[in-house]
Amino acid sequence: MPPTAATVGLRSERGPILLSLMLATGLVALDATIIATASATIAGELGSFAQVPWLFSAYLLAQAVSTPLAGRLSDILGRKHLILAGVGLFLAGSILCGAAWSMGALIVGRVLQGLGAGTVMPVSLTISADIYTLEERAKAQGYMASVWAISSVVGPTLGGVFSEFVSWRWLFFINIPLCLIAAWVIVRRYHESPREGGRDPIDYWGAALLTGSSTLLLVGLLEGGSAWPWMSATSVTVFGLSAALGFAFVWRALRVEHPIVNLRLLRQRVIGVATAISLVVGIVVLGLATYIPIYAQGVLGFGPLVAGFALAAMMVGWPLSASNSGRFYLRLGFRWTAVIGSALVVFGTASTLALGASSPLWGAAFVTFFVGLGMGLTAVPTLIAAQNAVAHHTRGAVTGINTFARSLGSAVGVAVCGAIVNAIATVGPDGTPEGENLMDALHLVFMVVTVASVVLAALVWLMPADREEARERRAAQARA
């Protein structure tokens, strides 16, 4: 039976579980953006403007590093235990952030929130894959993707309202009831089938090597060019240590029987290509998410709220196409669905090259909307294809690797685009690019994003051909 609102929606039997996953995902999505408009207020009260960037970097670092570990641990310890642990970490971090007495305490709280977010994201996607059939997953993913669309608009607005009219501390205290509701629904309604056989041992050494390597790599990407020059001794040391630990991790992962992240999975074509696609998705999405609002404000002269709507168009297009992607991949297969999606992404990003100082705001919204449509037909089906290629006890690891690749791509995209803008444009006292050269810098950024989208389209063609399998699935579904 094809997916419908009755079988997949919030009113269905699995609706409460889906709602709890959406709520947990919403916490992650909101906290990625909610403090952006309140950072100046926070720094003014706690008295440390120099540490403001770490409110964002600490969260992103902790989230990215914990993602592949959480995916694998959910295969070993169970999804329910891990997502509850993630919600618990996020709750503890929110309480600490709300009660923070210094910028240092607030950053520690953001680290805890990031660890919780990095656990919630891959495990919620894995639970969604566990409880829904292949035919239903696109619809369920559309529901979860819609959370990001709402958060992209609500987050900055809510941050501004709380910081101006109430207190910035309520940006974090608001998470307490939401975390408790999500955890309560998961405990009551999500019943996980016990895994057959013994539990795999946890590779603690592998986890430590991966954490060290990933942390140094992301610190180098996020802080290089700002905290220290790219070609400095500090930069060389950070990236060198990251490479050394990364080599040690790979050496161990290919030799132990039960590695914390099974790199052998990447030998499967569909998983390896889907992971590469996810990395490039991160570059494209963060490149646009960071610099479309700067274009709308610094070049077109709009305020932050109006500028946010230009980006929100992408977040509207994404869930719209994601929720309908199942109709495409059940008929055409995963590869052809992603081919169509990547073509839309290329069209959207290439259109950014036509944006200029006299372009209307709706022009920026138009191109980001097409990028969102394309991402919903590319990112979601390729992830589902990778999840569908493995057994239940490996699905968490695959989801974790895929999500980590996107986080890494995001860091790469921000680093590359940031280096371009900082080299050409003038950086204002608040750290925002400005000046008469800003449009030239943004044109180069949009060119980088367009090239990345072309690479994305090329990678999509490397997905295994599966149109015949899609026909067989439809025939079997019709007979049933």
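Predicted model: local features only at pLDDT ≥ 70, side-chain atom pairs only at ≥ 80, totals over all residues.
Side chains of opposite charge can pair when their charged atoms come close.

Because Arg 169 sits in the loop between helix 7 (134-165) and helix 8 (170-173) while Glu 45 belongs to helix 3 (residues 39-46), the pair ties together parts that are 124 residues apart in sequence. Glu 45 is partly exposed, at 46% relative accessibility.

Another salt bridge brings together the side chains of Arg 79 and Asp 130, at 2.7 Å from N to O. Arg 79 is found in helix 5 (residues 79-98) and Asp 130 in helix 6 (residues 103-131), so this pair ties together parts 51 residues apart in sequence. Arg 79 is buried, with a relative accessible area of 1%, whereas Asp 130 is partly exposed at 22%.

Arg 252 also forms a salt bridge, in this case with Asp 203, and their closest N and O atoms are 2.8 Å apart. Here, too, distant parts of the chain are linked: Arg 252 lies in helix 11 (residues 233-253), and Asp 203, 49 residues apart from it, lies in the loop between helix 9 (175-189) and helix 10 (204-223). Arg 252 counts as partly exposed at 25% relative accessibility, while Asp 203 is buried, with a relative accessible area of 6%.

Finally, shared partners connect salt bridges into one network made up of Asp 75, Arg 79, Asp 130 and Arg 395.

Terms used. Residues numbered from 1 in each chain as written. Heavy atoms only, no water. Helix = DSSP H or I, 4+ residues; strand = E, 2+ residues; numbered from the N terminus. Buried < 20%, exposed > 50% of the residue type's maximum accessible area, 1.4 Å probe, protein only. Salt bridge = Lys/Arg side-chain N within 4 Å of Asp/Glu carboxyl O.
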